[in-house]
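Colleague: I've got a model open and I'd like to learn how to read it. Can we go through it together, starting with how you judge whether a side chain is covered up?

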Amino acid sequence: RAQGTVNPDDFKKLEDVDPVNFAAHIAPRPLLFINGKQDNIIPEAAAKALFDAAKEPKQQIWLNAGHFLPPTETGRLTIEWFDEKLKNAAT
């Protein structure tokens with residue numbers, strides 16, 4: 001990666017642990033993704049690929065942040081999401 005190239009064989013080795021291959025198995029449980037628009041560790045394309053691989057119900061929220069998301073904001077969003085999902089599950 002530092003050299004700007006990736007050996008295709010390395011990608012093959014990682015398939016067994018790539019989250020994209022498992023995201024769909026979380027359904028039918030709801031799934032929340034909170035991502036940073038300026039994340040320099042998890043690229044936007046990777047976050048979108050993981051979200052796309054997941055099945056509904058799912059939600060993706062993009063924050064104007066890097067990899068370390070602001071805990072106050074993510075906490076608030078997570079609590080609101082849990083509150084909505086748990087209330088809907090009870091009815």
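Modeller: Buried means under 20% relative accessible area, exposed means over 50%, and partly exposed is whatever lies in between. Take Asp83: at 40% relative accessibility, Asp83 counts as partly exposed. Do keep in mind that this is a predicted model.

Colleague: What does Asp83 pair with in a salt bridge?

Modeller: Here's the general idea: side chains of opposite charge can pair when their charged atoms come close. In this case Asp83 meets Lys87, with 3.5 Å from N to O. The two sit four residues apart in helix 3, so about one helical turn separates them. Lys87 is exposed, at a relative accessible area of 54%.

Colleague: How many salt bridges does the count come to?

Modeller: Five, taking a nitrogen-to-oxygen cut-off of 4 Å. One of them joins Glu84 and Lys85, again at 3.5 Å from N to O. Both partners are partly exposed: Glu84 has 40% relative accessibility, and Lys85 has 23%. Another links Glu15 with Lys12, where the closest N and O atoms are 3.4 Å apart. Glu15 is partly exposed at 40%, while Lys12 is exposed at 55%.

Colleague: OK, let me step back to the fold. In what order do the elements run from the N terminus?

Modeller: They go α-β-α-β-α, which is three helices and two strands. Strand 1 covers 31-36 and helix 2 covers 44-53; strand 2 is 58-63 and helix 3 is 71-90.

Colleague: Now the inside. Which residues make up the largest nonpolar core?

Modeller: The general point is that in soluble globular proteins, nonpolar side chains tend to be buried together. Here the largest core has seven residues: Leu32, Ile34, Ile61, Leu63, Ala65, Leu77 and Trp81. Strand 1, strand 2 and helix 3 each supply at least two residues of that core. There's also a second, separate core of five residues, among them Ala23, Leu31, Phe33 and Ala54.

Colleague: If I click on Ile34, what does Ile34 touch?

Modeller: Leaving out residues up to four places away in sequence, Ile34 touches Ile61, Leu63, Leu69, Thr74, Leu77 and Thr78. Of the contacts in the protein between residues at least 6 apart in sequence, 72% join residues at least 24 apart.

Colleague: How much of the accessible surface belongs to carbon and sulfur atoms?

Modeller: That share is 58%, out of an accessible surface of about 6900 Å² for the protein. Buried residues make up 21% of the 91 residues.

Definitions and conventions: Residues numbered from 1 in each chain as written. Predicted model: local features only at pLDDT ≥ 70, side-chain atom pairs only at ≥ 80, totals over all residues. Heavy atoms only, no water. Core = buried A, V, L, I, M, F, W, Y, C linked by side-chain atoms within 4.5 Å. Buried < 20%, exposed > 50% of the residue type's maximum accessible area, 1.4 Å probe, protein only. Contact = heavy atoms within 4.5 Å. Areas by Shrake-Rupley, 256 points an atom, 1.4 Å probe, with all protein chains shown as cover. Salt bridge = Lys/Arg side-chain N within 4 Å of Asp/Glu carboxyl O.
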